[in-house]
Amino acid sequence: MAFSFWLSRLRSSSKSIFSNLRASKFNTEATHSRTLIASSNNTSSRARNPFLPFSTSLLPLTLVVSAGSLAIQSQTSPSLCDSSALDSGGLSIGGKGKYRAICKDNMTMDYEERYFHGKPQNSFHKAVNIPDIVVFPRSEEEVSEIVKCCDKHKVPIVPYGGATSIEGHTLSPNGGVCIDMSLMKSVKALNIEDMDVVVQPGIGWMELNEYLEPYGLFFPLDPGPGATIGGMCATRCSGSLAVRYGTMRDNVINLKVVLANGDVVKTASRARKSAAGYDLTRLIIGSEGTLGVITEVTLRLQKIPQHSVVAMCNFPTIKDAADVAIATMLSGIQVSRVELLDEVQVRAVNLANEKNLPELPTLMFEFIGTEAYSREQTLIVQKIVSEHNGSDFIFAEDPEAKKELWKIRKEALWACFAMEPSFEAMISDVCVPLSSLAELISRSKKELDASPLVCTVIAHAGDGNFHTVILFDPSKEDHRREAERLNHFMVHTALSMEGTCTGEHGIGTGKMKYLEKELGLEALKTMKKIKVALDPNNIMNPGKLIPPHICF
């Protein structure tokens with residue numbers, strides 16, 4: 001009876017406001033991007049073959065670079081490929097004709113396309129520049145040739161995946177070449193008996209799982225929709241299933257990487273474990289494009305669970321909810337997901353989807369295994385919930401009902417814009433040892449609630465990873481300063497608890513200022529030595545991850 005009541009609430013809307021919000025906010029940019037890629041000054045030839053082999057365009061690129069047209073600029077300098085520069089013919093490379101010859105191959109110098117690639121799609125970080133050229137390689141060999149050319153002429157490179165990163169990873173502060181990996185999205189080999197798959201970096205995790213489903217396998221990491229495998233490796237991402245299956249570093253067997261000099265390195269064998277040499281795979285995972293461009297990934301796969309149960313419950317305070325998450329993990333139950341939403345986030349879900357959920361701190365669980373085991377886990381957690389002031393414990397086993405419940409969490413971020421449709425979001429994450437999670441959330445929540453800005457809390461509560469979404473008016477400087485203050489408070493609170501400034505979003509440009517406090521100067525000097533050894537010309541995603549003041 002209780003579940004039927006909740007499910008009727010969840011299904012109360014025949015028309016989702018969320019869908020309209022997301023469509024109005026993002027479809028214009030996405031459509032514009034697709035149009036730009038498909039268009040050309042020579043429409044007929046571009047329509048037949050939008051991206052010709054890169055070998056036909058490598059020489060023109062070399063001419064461009066050798067003439068100094070892509071020299072590294074300061075952060076305040078405009079891109080050298082602005083339309084005014086092209087039209088003037090003032091650059092010493094033979095006028096705009098050669099630019100057009102380059103752009104109609106598998107690269108573009110179109111301003112709006114470069115602006116799209118240079119402007120963060122899901123980040124509050126400002127773009128001070130845009131790339132000079134966007135290239136779309138189709139193979140590892142093409143990536144290697146592009147990188148060799150850039151290294152020779154000291155041209156900065158920004159690898160580009162699904163553009164879902166939060167902390168400014170794809171910004172191009174020095175212009176240069178943006179390497180868009182979207183055309184390299186093949187599944188190269190599926191080893192069913194070994195439960196692994198070899199893929200190119202441009203494939204999305206959702207596309208990959210669609211491919212794997214008929215074989216009864218899946219890749220267990222689930223960050224935001226649109227994330228690609230290459231970008232997931234670069235940022236060392238995780239997601240809601242990390243509490244069960246680990247993060248990206250635990251699920252990658254080996255990589256192929258193009259280093260800054262164009263050399264191609266395979267980081268390990270396909271064996272599930274190895275004690276052979278330095279762990280180059282883990283060195284590259286989380287390096288955010290600063291050491292090389294990932295061109296191939298071998299992933300560990302899992303069997304699709306035989307049975308699953310999704311459960312949800314409410315609490316009077318967010319500390320009660322966090323305490324239950326900790327108690328559940330300490331009980332030894334191997335849950336696959338433990339997600340926490342505060343009452344503000346639930347209110348956003350209600351507004352976005354015309355639902356009528358209780359606007360209270362909420363925990364969501366997923367249990368997997370055999371039917372009997374999943375139900376046993378559910379009953380144990382239900383007892384834990386009842387001992388910590390929990391209420392309205394419901395669970396679902398029907399596939400459609402589970403999908404409807406889990407949709408609440410999956411759409412949480414975009415639902416926030418229902419509260420302030422014209423605002424931007426500062427999204428930040430930290431992570432602490434599990435025993436400190438309740439205190440971290442309680443202290444942060446107190447500060448967030450006292451702020452004039454609308455702030456929501458979302459947490460992967462099973463592994464101590466805590467997110468906040470802070471909505472602010474980008475036209476008001478006091479809003480941005482307040483958002484930065486809240487982010488700063490949350491990070492320093494986490495660091496004071498032996499935590500980290502980021503659990504899964506990465507460093508990019510946004511979290512560099514916290515690294516020295518978290519890791520210490522000597523650790524950063526060691527990172528810098530590795531960077532200089534592998535990328536002496538500092539062309540690989542410059543200005544990211546390692547603070548600029550670090551030297552040795």
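## Helix packing in a predicted model

Helix α19 (residues 437-450) and helix α20 (residues 477-496) pack at an angle of about 165°, and their axes lie 10 Å apart. Angles over 145 degrees count as roughly antiparallel, and α19 and α20 are therefore roughly antiparallel to each other. Their crossing is right-handed, and the contact is made on one side by Leu440, Arg443, Ser444, Glu447 and Leu448 of α19, and on the other by Arg485, Leu486, Phe489, Met490, Thr493 and Ala494 of α20. It should be kept in mind that this is a predicted model.

Helix α19 also packs with α14, at an angle of about 160° and with the axes 8 Å apart. α14 and α19 are therefore roughly antiparallel as well, and α14 passes α19 in a right-handed crossing. Here Ile318, Lys319, Ala322, Asp323 and Ile326 in α14 meet Leu437, Ala438, Ile441, Ser442 and Lys445 in α19. The two pairs are set side by side below.

| Helix pair | Angle | Axis separation |
|---|---|---|
| α19 and α20 | about 165° | 10 Å |
| α14 and α19 | about 160° | 8 Å |

Leucine 330 also belongs to helix α14, and this residue is exposed, with a relative accessible area of 70%. Although leucine 330 and leucine 434 are 104 residues apart in sequence, their C-alpha atoms are 9.7 Å apart in space.

The buried residues of α16 are Ser374, Gln377, Thr378, Val381, Ile384 and Val385. Seen down the helix axis, these buried residues fall within an arc of 120°, so they line one face of α16. They pack against β12 (307-314), α14 (318-330), β14 (362-369) and β15 (391-396), whereas the face turned away from the buried side carries the exposed residues Ala372, Leu379, Lys383 and Ser386.

Helix α15 (residues 343-353) is largely enclosed by the rest of the structure, because nine of its eleven residues are buried. The buried residues of α15 are Glu343, Val344, Gln345, Val346, Ala348, Val349, Asn350, Ala352 and Asn353. Just after α15 comes glutamate 354, which takes a positive phi of about 50°.

Definitions and conventions
Residues numbered from 1 in each chain as written. Predicted model: local features only at pLDDT ≥ 70, side-chain atom pairs only at ≥ 80, totals over all residues. Heavy atoms only, no water. Buried < 20%, exposed > 50% of the residue type's maximum accessible area, 1.4 Å probe, protein only. Helix = DSSP H or I, 4+ residues; strand = E, 2+ residues; numbered from the N terminus. Arc of directions from axis to C-beta. Contact = heavy atoms within 4.5 Å. Axes fitted to C-alpha atoms, helices over the stretch in contact; angles between N-to-C directions. Parallel < 35°, antiparallel > 145°, perpendicular 65-115°, else oblique. Left-handed = near helix turned anticlockwise from the far one by under 90°.
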